[in-house]
Amino acid sequence: GRVPNRGLEGLAITPDGSKLVAIMQSPLIQDGGRKGTNVRILEIDVASRRTREFLYVLEGPHTGVSEIVAVNQHEFLVLERDGGKKDKAPFRKIFKIDLAGATDISNLESLPVTDVPKGVMPVTKTCFIDLCDPRFGLAGPDMPVKIEGLAFGPDLADGRHLLLVASDNDFVPTAPIRLYGFAIDQTDLPGYVPQQIDKGR
């Protein structure tokens with residue numbers, strides 16, 4: 001059911017390495033395709049290979065998901081953006097989502113184009129960073145359309161978390177790849193757990 005060129009766009013691993021969490025760029029064909037707003041998240045248990053699926057609701061059919069990164073075992077940051085059409089205000093936002101309490105939709109073969117199915121609880125979703133907020137000075141003609149990367153770097157000396165946001169030049173050699181760094185106060189991301197790297201593997 002994958003819409004051409006709109007497959008699994010983001011992949012995260014939980015801090016303890018126990019689960020992979022992947023998110024589609026846009027709804028599957030049977031879920032509304034390019035006209036839909038219901039995107040599937042796939043969770044894979046690394047040890048057992050058991051899977052679950054959750055519903056992420058886009059802000060509109062004009063947006064899609066570019067990336068996901070883990071905050072802890074159940075919270076994630078998701079990058080959602082539009083396609084940069086000049087007749088609309090740009091949309092580039094990072095949302096914090098929570099899988100806790102969301103319904104497993106693995107058994108739903110199709111989803112409505114826009115409405116949430118009865119009895120289904122989507123992942124909770126709140127705006128974490130609006131990249132077009134004038135405070136950041138990023139919005140304008142030079143702002144990349146394809147902002148597509150999220151990663152946490154090492155904590156800063158003052159204890160704040162470093163969130164890295166990257167753009168993609170889409171194989172255009174004259175287009176720059178931009179890397180933005182955001183210092184995140186611990187109080188703004190209280191549940192943050194750094195990635196645990198097993199050096200023995």
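Predicted model: local features only at pLDDT ≥ 70, side-chain atom pairs only at ≥ 80, totals over all residues.
Reader: Now the sheets. In what order do S1, S2, S3 and S4 come?
Author: These four strands form an open sheet in the order S1-S2-S3-S4, with antiparallel pairing. S1 and S4 are the edge strands, each pairing on one side only. On average, neighbouring strands in this sheet are turned by 20° against each other, direction ignored.

Reader: How many bridges join S2 to S3?
Author: Five bridges join these two antiparallel strands. Within the pairing, Lys 19 stands opposite Asp 45 in S3.

Reader: What else links Lys 19 with Asp 45?
Author: Lys 19 and Asp 45 also form a salt bridge, in which the closest N and O atoms are 3.8 Å apart. This pair links distant parts of the chain, with Lys 19 in strand S2 (residues 19-24) and Asp 45 in strand S3, 26 residues apart.

Reader: Are those two residues buried or exposed?
Author: Lys 19 counts as partly exposed at 21% relative accessibility. Asp 45 is buried, with a relative accessible area of 17%.

Reader: How many salt bridges does the whole structure hold?
Author: A search of the whole structure finds 12 salt bridges. Among them, Asp 133 pairs with Arg 135, the closest N and O atoms being 3.2 Å apart. Arg 135 is exposed, with a relative accessible area of 69%.

Reader: Which residues are linked in a network?
Author: Asp 31, Arg 40 and Glu 53 are linked by salt bridges into a network.

Reader: What does Glu 148 meet in a salt bridge?
Author: The side chain of Glu 148 meets that of Arg 81, at 2.6 Å from N to O. The pair links distant parts of the chain: Glu 148 is in strand S9 and Arg 81 in strand S6 (residues 75-82), 67 residues apart. Glu 148 is buried at 19% relative accessible area, and Arg 81 counts as buried at 8%.

Reader: Back to strands. Which sheet contains S9?
Author: S9 belongs to an open sheet of three strands, ordered S9-S10-S11 with antiparallel pairing. Strand S9 (147-152) and strand S11 (179-184) each have a single partner strand, so one side of each is left without a neighbour in the sheet. The twist averages 20° from one strand to the next.

Reader: How many bridges pair S10 with S11?
Author: Strand S10 (residues 161-167) pairs with S11 over six bridges, in the antiparallel sense. The bridge partner of Val 165 in S11 is Tyr 180.

Terms used. Residues numbered from 1 in each chain as written. Heavy atoms only, no water. Pairing = 2+ DSSP bridges. Axes fitted to C-alpha atoms, helices over the stretch in contact; angles between N-to-C directions. Salt bridge = Lys/Arg side-chain N within 4 Å of Asp/Glu carboxyl O. Buried < 20%, exposed > 50% of the residue type's maximum accessible area, 1.4 Å probe, protein only.
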